[in-house]
Each structure stands twice: as C-alpha cells, then as structure tokens.
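Please keep the structure open while going through them.

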Amino acid sequence: MSGAQRLDWSSRSVESLQGTVAVPGDKSVSHRSMMLSAIAEGTSHIRGFLEGEDTRATAAVLAQLGVWIQAPSAGERIVHGVGLHGLRASDRPLDCGNAGTGMRLLAGLLAGQRFDSTLIGDESLSKRPMRRVTDPLASMGARIDSQDGLPPLHVHGGRPLHGIRYELPVASAQVKSALLLAGLYAQGATEVIEPHPTRDYTERMLAAFGWPIDFSPGHARLEGGHRLRATDVVVPADFSSAAFFLAAASIVPGSQLRLPAVGLNPRRTGLLEALRLMGADIRIEHQAQSGGEVIGDLVVRHAPLHGIELPQALVPDMIDEFPVLFIAAAVAKGRTVIRGAAELRVKESDRIATMAAGMRALGVQIEETPDGAIIDGGRIGAGSVDTHGDHRIAMSFCVAGLVADGTVTIRDCANVATSFPGFVELANGCGFALGTAG
C-alpha cells in the first residue's frame, strides 16, 4: 500500500464498553446473494447487504458482466437476474479488489461460461494461492491460467464441464463453493467431501434459490441442468464483525454490549464456543430463522478469562476470528495453546506470523508454531504494530489497546474498509478510544 493511502490508528485503554452495536451485514452471505441473484431468473431484493469494498467489488464485476443492479439505499440491492447463461463477456479485466472470496467463487462461476474472462486483484490478493481452486476446477474440464498459481486468473470459456467427486485436502468453504458454482454448469453430479465441516452458506442459499442440493456437515452434492429462481434475501449481521466486540467486552472490566440479529450459522461461531470455554459470559436472545440462516441477539458481559487448549474441532468454524482470539488469550490467566490452524498462513497475510510479531511488540509472551501458537496471558504493553494491510489484524489490535498499559499504534489500517465500513465510528460509539495516529 502506498504512502498516500496509508492509514494508521491509535487505541487506548478505556473504563468500560456499553450499549447496542449493530454490526454490518455478513460478508460471505453478501457475496453469495449477489452472485446467485445475478444468475437467477427474475428480480431479487437483497436487504442488509454489506457496504464494504470487497462486496462492492463483486457487485461491480457482475455489473461488468451485464447484470443490472440497483442500489436504492445503503445496504439494499435490487438484482435483475439474467439466468444461468445470460452473463456477457467483458472487454476489460474483472477487478476483485481485495476479495479472496469474490475471486475464488467467481473462478467457479466463470468456468462454466461461453466466454473468456480475466480476474485480477489488488497487491494483497495477487499474492494469495489459487491452485486450491483452479486444480479441482481443471478436473471438471475447466482451463484457468494463472501466474504460477497466483492471480491474475485467465478463465477460458466454452469448455464443457463434468461433475466430479472431490475430497478437499484442506477444509475451505471458498473452494467448496467454487466447485458447487461450477457444478451448476456441469453435466452430472458434483460432490464435495470435506475433512472438517465448513460454513454452508452456499448450500443453504442454492436451496433458497430453488436448486436441488443435498448437504450435511462436511458433504454437499448437486447436479447440473436446473434453474435458479429469484428470491428475496435478508443478510444477517456478520458474526466475524461481531467477534471484535465479543472479545472486547469480555476483557474490559464493567462492560456489557448487545449485538442484535447476528448470524449464528454453526459453521461460523467457533469463536463463541472458544470464548465460552475460556470463561466468557455470552448469551443468545431472540433466536430466529432468516432466509435459511439462524440469527439471534448476542449479549456479552465482562468475565475473567482463563487459558485453554483450543479443541481442534473448532478451528474450521473460526478461521477468520483467530486474530482476536489471540488478543483474548493475551489477557487470559494462564496459557492458551492453538493447533491445527495452518490455514492462517495463507489468509490476507500470514496471520500467525503477523499476530506473533505484533504481540511481541506489545510485550506479550507468544511462541509461534507451524500451525498455531502458544500464548501466555498477562499484561499488554504500549507499542506499535504492523498489520501488513490485514483488516482483521488491524481491528484485533484495536481491541488490544482497550486494556493496554499505554497507547497501541496500529499501522496500515486502510483495508478495514474492505470488511467493516464504519468500524471506528461504531467502536467509539460504544466506548472504544480509537483515533488517527500521526
């Protein structure tokens, strides 16, 4: 990120956090609702759409492919679907920005089109591995050229696809979703088997749009040759965004926060279980169903946390929430051991290395391991940390500053807008002390 774009924040300790925090819509559901609405027959109305750079990038790509998308108000989209075979070629590359979800899912969707496409991304996305998607898509008959496994991706159109039975070597909702989207265009059945269950947003949403699909934890199967029918989608509040406030209120004495209508898909809420194992006081109220997804209000109160050995069964259900779990572990009494999280090495940054470096800079005792970390809780000191442009790491160190002995300076925070627009305003509204660092 260039110096002109660089944004640095500061975070300071506070007395308590109070109030109701309405976090933005779920990013994963926003991406998928936009894609399925685009290739459905008829007009879909999406409410609660995340107004982030990642999701807007996906919407812009679909508009570039000939889909008419209206935005009558913030968080609202009206998508005029073109049907399964109605997308049109673009004479320009399709820019996914920082959205790894967008690029990987679009690779599957575009593999079944009659025309060629080129997917590009920003500097960060251009370093993220794509073979985990392109290799199994090639087994279905797709041809996708890359730069030694990295973006840009050139997707060749006009290739007949056939269904496959694919066992994922590493659990990944993005890879599973890319294969299922390609499977819409494939002859025969596409079946995906996971080593551990991942979030099933794509499966639930395909069913809501009328595509026959069989799925259970760790397994999904569909056949080509059907149609998607437009439907209205209400996007739940994003659990990954709520996670920062759950951890923050847990570690700041005297705090109590309510987070309304949060998506509680069991494949996303591993952090909720991990924090509870550490002693957190988090209740679910007003639980209900919305568009196939479970939602509920989360009420969190401060509670003394203790270290745990994290059950590896929770790892796939909290892969995006590990940075803020590291912060909770740094405050907890005793030792927290995290294993089985090698996937963190290939997120927006190497999250294990980046978190470990930042926590050491704040005086936290942390031992980095190949697939996790060992963290000894205690105090968090003042200091400066570098996020390497990773939005979740930036927000996690904002939480660290709430209980630090002095000011925590957080470098390179501009990418927070990709997943959580308005984070600073919402955080300061419930008691954070965030500002721009000089």
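1. Just after helix α10 (residues 351–361), glycine 363 takes a positive phi of about 85°. Helices here are DSSP runs of H or I with at least four residues, strands are runs of E with at least two, and both are numbered from the N terminus. The model is a predicted one, in which local features need pLDDT of at least 70 and side-chain atom pairs count only at pLDDT 80 or more, while totals for chains, interfaces and linings use all residues. Residues are numbered from 1 along each chain as its sequence is written, and side-chain values use heavy atoms, with hydrogens and water left out.

2. Within α10 itself, the buried residues are Arg351, Ile352, Thr354, Met355, Ala356, Gly358 and Met359, where buried means under 20% relative accessible area, exposed over 50% and partly exposed in between, with a 1.4 Å probe and protein chains only. These buried residues pack against α9 (322–331), β19 (365–369), β20 (372–376), β21 (383–386) and α11, contact being heavy atoms within 4.5 Å.

3. Helix α11 (residues 391–401) also packs with helix α7 (residues 239–251), at an angle of about 20° and with the axes 9 Å apart; the axes are lines fitted to C-alpha atoms, for helices over the stretch in contact, and angles run from 0 to 180 degrees between N-to-C directions. The two helices are therefore roughly parallel to each other, a term for angles under 35 degrees. On the α7 side Ser240, Phe244, Ala247, Ala248 and Ile251 meet Arg392, Met395, Ser396 and Val399 of α11. The residues of this contact divide into six nonpolar, two polar and one charged, with Ala, Val, Leu, Ile, Met, Phe, Trp, Tyr, Cys and Pro counted as nonpolar, Asp, Glu, Lys and Arg as charged, and the others, Gly among them, as polar.

4. Two histidines deserve a look for their backbone angles. Histidine 388, in the loop between β21 and α11, has a positive phi near 55° although it is a residue other than glycine, and it is exposed at 52% relative accessibility. Histidine 286 lies in strand β16 (residues 281–290), has a positive phi near 55°, and counts as exposed at 62%.

5. Arginine 114 is found in the loop between α3 (100–110) and β7 (117–120) and is exposed, with a relative accessible area of 60%. Its side chain reaches the backbone oxygen of histidine 85 at 3.2 Å. Not counting residues up to four places away in sequence, arginine 114 touches His85, Gly157 and Gly158.

6. Finally, a cis peptide bond, with omega of about 5°, joins proline 151 and proline 152.

Note on methods
Angles under 35 degrees count as roughly parallel, over 145 as roughly antiparallel, 65 to 115 as roughly perpendicular and the rest as oblique. A polar contact is a pair of N or O atoms within 3.5 Å; within protein, one must be able to donate a hydrogen and the other to accept it, and residues adjacent in sequence count only if both atoms are side-chain atoms.
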